[in-house]
Amino acid sequence: MAFNDILEQIGGFGRFQKIQVTLVVLPMLLMASHNTLQNFTAAIPTHHCRPPAATNLSQDGGLEAWLPRDREGRPESCLRFTSPQWGPPSANGTETNVTGATEPCADGWIYNDSTFSSTIVTEWDLVCTHRALRQLAQSLYMAGVLLGAMVFGYLADRLGRRKILILNYLQTAVSGTCVAFAPNFLIYCTFRLLSGMSLASITLNCMTLSVEWMPIHTRAHVGTLIGYVYSLGQFILAGVAYAIPHWRHLQLAVSLPFFVFFIYSWFFIESARWYSSSGKLDLTLNALQKVARINGKQEEGAKLNIEVLQASLQKELTTGKGQASALELLRCPTLRRLFLCLTMLWFATSFAYYGLVMDLQGFGVSIYLIQVIFGAVDLPAKLMCFLVLNSLGRRVAQIFSLLLAGICILVNGVIPHDQSIIRTSLAVLGKGCLASSFNCIFLYTGELYPTMIRQTGMGMGSTMARVGSIVSPLVSMTAELYLPLPLFIYGTIPVAASMATTLLPETLGQPLPDTVLDLENRRRGKGRLQQLEQQKQMVPLQTPPQEKSGL
């Protein structure tokens, strides 16, 4: 397992790593914008029926005469009177009929534009009988994320991380721009689905390409950095959405920067680890020497050649040629164990996260403030996660983030609804724990899967997360049977999944596995001392092949 030694030899965490990680992570600032964009572009302002076109409001008693009231005295959103109602009793004591016949809003709706000047709801009247179409748009976006995780995760293992990232940046820029100019709801949904596909892949490849170029001791830093950048993006979304209330302009504002990301992504250097696991030794050498020059380690890079790489990476080259298919995750017992456990973690984290987010809608404050609160909660939570990741290990961080989140949700289910301060505090704590769990599982999954199938494994994990986010809203319907039941379900799943983490190996301080053989050595209890003994038997990286042959 000499690849980490090679990275250290050519600069470790040097100038190249700092530049490329910064450029790769930068688009994550807008990931939160796209994932939760419909909170603003599809916001539902207060609305009521428009009176018939031929109505003379000055003669018919004004707009109020056409609007029936609900039990709380607010105008009905989806009904109007068939004829104007005059309201209070007349001067002679006779009472007018304020419970007259009603009908649906045949002439459209009048929307309150004080907060949102335009949304897809107001433009295409996605209210009342068409209200479900609003959720359909978000469901199709999540379906795109699911498809993208599967398709592009597989392609990244076959074609490389860099090529897929370049394609995804372009696809996001083009599809996001097309959404902003969509003439109808069908076109809008189509391009939202395409945006979801590419954005899912950007998230996965961002983590993988960054981690595969990093020495062992800096991998957790990268995972935490990506998590913090995503959280910062939630603040950016709140500010941009507040400054740009028109949905088309907001959509453009978060999509056009991806054209810039597409342009500079051509300068990314492909993962040398992926090259070597694919048997492309000449490209591995070129990438390593290019990184050595950028890091100011030209002499160390010059010591590398094909013979040295063949000797140093002999195991990767002999057992890692070709890319494994997704079926290997089920065929191989070692991979199957990882796949089943990680599937539970991805599903539980996303399932509980989206269930809790729906429960947090009762803050009773501005939607912009809610967005800021969601982002603020992540900051201390991810800092604590980072400290645990580096001190106690990945497995401990994963177990306690899920376990504590589940407990918070379960306790919320038994606290009376009038205890709003306690319920809100527990909800915020649970949301922070789930954000930490997301942060941990991205890093943990990348460290557990071998290079030959890492991106496919990441893609399958993200796929299960999307399944969790799709199933989560359906569980909320069980509140019709018993009001706290959804919270009990949302809390039980992460608690159960945290137990599955005990079946996974610890990866703190361990080299990234390149082949299934590395995983089997771990499973059979092959310790660090044996791995170091193997490294001692390998050709020293600084010793030229001709000198070795003369010993």
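So, let's start with R161: this residue is buried, with a relative accessible area of 0% (buried is under 20%, exposed over 50%, partly exposed in between, with a 1.4 Å probe and protein chains only). Quick note: this is a predicted model, where local features need pLDDT of at least 70 and side-chain atom pairs count only at pLDDT 80 or more, while totals for chains, interfaces and linings use all residues. Residues are numbered from 1 along each chain as its sequence is written, and side-chain values use heavy atoms, with hydrogens and water left out.

Okay, who does R161 pair with? R161 forms a salt bridge with E212, the closest N and O atoms being 2.8 Å apart (that's a side-chain nitrogen of Lys or Arg within 4 Å of a carboxyl oxygen of Asp or Glu). R161 sits in helix α7, E212 in the loop between α8 and α9, 51 residues apart (helices are DSSP runs of H or I, at least four residues; strands are E, at least two; both are numbered from the N terminus). E212 is buried too, at 1%.

The structure holds 5 salt bridges. Another one joins E123 and R248, at 2.4 Å from N to O. E123 lies in α5 and R248 in α10, so this pair ties together parts 125 residues apart in sequence. Here E123 is partly exposed at 32%, while R248 is buried at 17%.

Now for D378, in helix α19. D378 meets K382 in a salt bridge of 4.0 Å, and D378, K382 and K431 are linked in a network of salt bridges.
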